[in-house]
Amino acid sequence: VSNALPGKRTSKGAATMHRNRSRRNGIWTLMSGLRLMMNNSSAIQPPDCGTGADRPLDPDEAMRAVLAVDLMGAVNTIEPVLAAMRPRRRGHVALVGSLAGLRGFPSSPAYSMAKAAVHAYAEGIRPALRREGIAVSLIAPGFVTTPLNRDLVAPQPLKISAAKAAGIIHRGLERRKPLIAFPFILYAGMRLLTLMPARFGDWLLDRPGVDVPLTREKETGGP
């Protein structure tokens with residue numbers, strides 16, 4: 001670039017600026033008519049980490065990586081959408097948390113921490129946005145059959161299919177429910193656990209043998 005003629009450099013720069021401006025305008029036009037935004041940023045473990053008897057639990061770099069995806073991914077997705085919805089005073093945003101956000105899981109402290117933060121974020125912005133005509137739904141699923149947890153070795157009580165989970169979420173979003181938590185029995189049990197002595201909760205959740213396997217990227221050395 002330093003050897004290019006000033007005129008050519010200016011022309012290329014102007015063309016790039018025009019393309020970027022066109023993209024931004026297109027994205028803004030798309031968001032201006034958006035009625036529902038659902039964010040499902042989620043990572044249980046970064047590519048080079050897993051938990052088990054022979055592996056450490058969530059080192060600091062793992063926590064930062066999970067927070068970057070689960071929490072900041074949600075914020076970075078929702079905030080620009082709200083900027084388009086608030087002037088219209090209507091819209092609906094949904095954030096996917098987890099029942100793990102209700103009580104820290106010893107097998108995945110970083111994931112639990114990130115989802116707890118997502119819960120707090122959704123609950124924190126909901127009252128003010130409701131006054132502006134914008135609904136906020138927090139989705140807190142239990143165990144759902146997905147490729148993400150296919151190799152997980154752990155008790156997964158009341159696990160349901162992805163299709164069933166999608167139906168529950170869809171019905172909840174249609175009703176603009178502030179909280180869509182399922183299955184209800186597991187949700188109620190987790191809420192009850194938070195009211196019980198901490199030592200009992202630690203004992204109950206730490207008893208099962210859990211193995212969160214390394215991701216395929218780590219196992220194979222690449223995608």
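Colleague: Before we look at the surface, what makes a group of residues a nonpolar patch?

Modeller: A patch is made of residues with over 30% relative accessible area and no salt bridge, and nonpolar side chains are joined within 5 Å. In this predicted model, Leu-192, Leu-195, Met-196, Phe-200, Trp-203 and Leu-204 form such a patch, with about 600 Å² of accessible area together. Helix H6 (184-195) and helix H7 (198-206) each give two or more residues to the patch. H7 supplies the largest share, 3 residues.

Colleague: Where does Met-196 lie, and why is Met-196 called partly exposed?

Modeller: Met-196 lies in the loop between H6 and H7. Buried means under 20% and exposed means over 50%. Met-196 has a relative accessible area of 35%, so Met-196 falls in between and is partly exposed.

Colleague: Let's turn to helix H5. How do you know what span to expect for H5?

Modeller: The expected span is 1.5 Å times one less than the number of residues. H5 (residues 162-174) has 13 residues, and 18 Å is expected. From the first C-alpha to the last, H5 reaches 18 Å, close to that expectation.

Colleague: Which residues of H5 are buried, and what covers them?

Modeller: Ala-165, Gly-167, Ile-169, Gly-172 and Leu-173 are buried in H5. Their cover includes strand E1 (36-39), strand E2 (91-96), strand E3 (134-141) and strand E4 (179-182).

Colleague: What makes Arg-176 worth a remark?

Modeller: Arg-176 has a positive phi of about 55° although it is not a glycine. Most residues other than glycine have a negative phi. Arg-176 has 41% relative accessibility, which lies between 20% and 50%, so it counts as partly exposed.

Colleague: Which residues does a cis peptide bond join?

Modeller: Phe-182 and Pro-183 are joined by the cis bond, with omega about -10°. Pro-183 lies in the loop between E4 and H6. Most peptide bonds are trans.

Colleague: Finally, how many helices and strands are there in the protein chain?

Modeller: The protein chain has 8 helices and 4 strands. Of its 223 residues, 36% count as buried.

Notes. Residues numbered from 1 in each chain as written. Predicted model: local features only at pLDDT ≥ 70, side-chain atom pairs only at ≥ 80, totals over all residues. Heavy atoms only, no water. Patch = residues over 30% accessible without salt bridge, like charges linked within 9 Å, V, L, I, M, F, W, Y side chains within 5 Å. Areas by Shrake-Rupley, 256 points an atom, 1.4 Å probe, with all protein chains shown as cover. Salt bridge = Lys/Arg side-chain N within 4 Å of Asp/Glu carboxyl O. Buried < 20%, exposed > 50% of the residue type's maximum accessible area, 1.4 Å probe, protein only. Contact = heavy atoms within 4.5 Å.
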